[in-house]
Amino acid sequence: MKLTWARAACSHPALSGVYRAHFGELFAELTGPWEATRQSTLRAARGGERKRAEGAGRKPKLVFFERLLLTLVHLRHQLPHEVLAELFEVDRSTVSEAIRQVRPLLAARGFAVPGRPGLRLKTLEDVFAYAEAEGVEMRLDDAETQVRRPQAGRPGRREFVSGKRGQNSLGQARAEHHQDHHVQRRPGSHAAVRRGPPGRMHDQTAVRTEGIAEQFRNRPAVKAKVDSGYAGLAKEFPGQVSAPPKKPKDEACDGDKYAWSETRRRQSSARICVEHTNAELRQWAPLRRFTGRRDTYAATHLAIASLVSDRSAQRATRRETSTELVLVRDVTC
């Protein structure tokens, strides 16, 4: 009775972070890969094919449905493994094993694209290739997630101290793409591509480390809008990357100040979609403050981003209102 209650409670969208229909799609999509991975692990442990009939031997304490469910709850609220173990009446090690098995499957799914249900972008090269083929303009941004402070005396401890946040953090470079005729005020389809650089690393350095600058060089037709942190990228690729203009000096005329303010406002209005996406990702507890091991952060972020992209791809979009002047009636001289 208790396990049935736990399954019913954790399947609620408030706990799992996904709607029940979405959970059903995930279950159908990942059941095959999970079973294949499980059989491969068992075959490696045995050193060959199984000798007993199918169905013999010790049964797993948690079926894949429950493993996927508790992994989603952990990703959504970052509940301790002990709490999930108590809910599902298993040992803590069983919960840890389930999360280690399911999290890489979610991370490997890639990112959904609106209007293209069979297409998923899994690498940085896929994102730029899609932007070039479809003629969409990208939005680049960097966000930081607070992490636990490393132990005293640990080598490279200062590398995780962010000058922006004043905390220990890891950075993520996010690339978001929109069709030109879509309103730029909603979260859209996006792809988060990063290896979790230390928070002390500057945005411009992270761009070169991740290979984003190289992608712009290889695909000159791709265009993007960025914030002031990527001013160096805009300077290197002036025809592709658009950054906010520099603030005029105090002695500049009022016209220059107004022009700067208006240009910056339009730039911010075009980039607000990526800020909304960052806010949507931060609804998941691990991306507000990550308390796990740093070597699992990349998979955690990719898993959450893939789930958020599914919801973004299904969101209805609105067409942007034209600002061109149109004659209401014929004018005769």
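This is a predicted model: local features need pLDDT of at least 70, side-chain atom pairs count only at pLDDT 80 or more; totals for chains, interfaces and linings use all residues.
**Helix packing**

Helix H3 (residues 20–46) packs against helix H4 (residues 64–77) at an angle of about 120°, and their axes are 10 Å apart. That angle makes H3 oblique to H4. The crossing of H3 past H4 is right-handed. On the H3 side, the contact is made by Phe23, Leu26, Phe27, Leu30, Thr31 and Trp34. H4 contributes Phe64, Phe65, Arg67, Leu68, Leu69 and Leu72. By class, the residues of this contact between H3 and H4 divide into 10 nonpolar, one polar and one charged.

From H6, the residues in contact are Arg103, Leu106 and Ala107. From H12 they are Ala299, Thr300, Leu302, Ala303, Ser306 and Leu307. The contact of H6 with H12 comprises six nonpolar residues, two polar and one charged.

**Salt bridges**

Side chains of opposite charge can pair when their charged atoms come close. The structure holds 16 salt bridges.

| Pair | N to O distance |
|---|---|
| Glutamate 82 – arginine 92 | 3.1 Å |
| Arginine 217 – glutamate 214 | 2.8 Å |
| Glutamate 262 – arginine 266 | 3.3 Å |

Glutamate 82 forms a salt bridge with arginine 92. Glutamate 82 lies in helix H5 (residues 81–88) and arginine 92 in helix H6, so the pair ties together parts that are 10 residues apart in sequence. Glutamate 82 counts as partly exposed, at 45% relative accessibility, and arginine 92 also counts as partly exposed, at 43%.

Arginine 217 and glutamate 214 both lie in helix H9 (residues 212–218), where they are three residues apart, about one turn of the helix. Arginine 217 is partly exposed at 41% relative accessibility, and glutamate 214 is partly exposed with a relative accessible area of 40%.

Glutamate 262 and arginine 266 are separated by about one helical turn, because they are four residues apart in helix H11 (residues 254–281). Glutamate 262 counts as partly exposed at 21% relative accessibility, whereas arginine 266, at 54%, counts as exposed. The cut-offs behind these classes are under 20% for buried and over 50% for exposed.

Beyond these pairs, a network of salt bridges links Glu29, Arg109, Arg120 and Asp310.

Note on methods
Residues are numbered from 1 along each chain as its sequence is written. Side-chain values use heavy atoms; hydrogens and water are left out. Axes are lines fitted to C-alpha atoms, for helices over the stretch in contact, and angles run from 0 to 180 degrees between N-to-C directions. Helices (H or I, at least four residues) and strands (E, at least two) are DSSP runs, numbered from the N terminus. Angles under 35 degrees count as roughly parallel, over 145 as roughly antiparallel, 65 to 115 as roughly perpendicular and the rest as oblique. A crossing is left-handed if the near helix is turned anticlockwise from the far one by less than a right angle, and right-handed if clockwise. Contact means heavy atoms within 4.5 Å. Ala, Val, Leu, Ile, Met, Phe, Trp, Tyr, Cys and Pro count as nonpolar, Asp, Glu, Lys and Arg as charged, and the others, Gly among them, as polar. A salt bridge is a side-chain nitrogen of Lys or Arg within 4 Å of a carboxyl oxygen of Asp or Glu. Buried means under 20% relative accessible area, exposed over 50%, partly exposed in between (1.4 Å probe, protein chains only).
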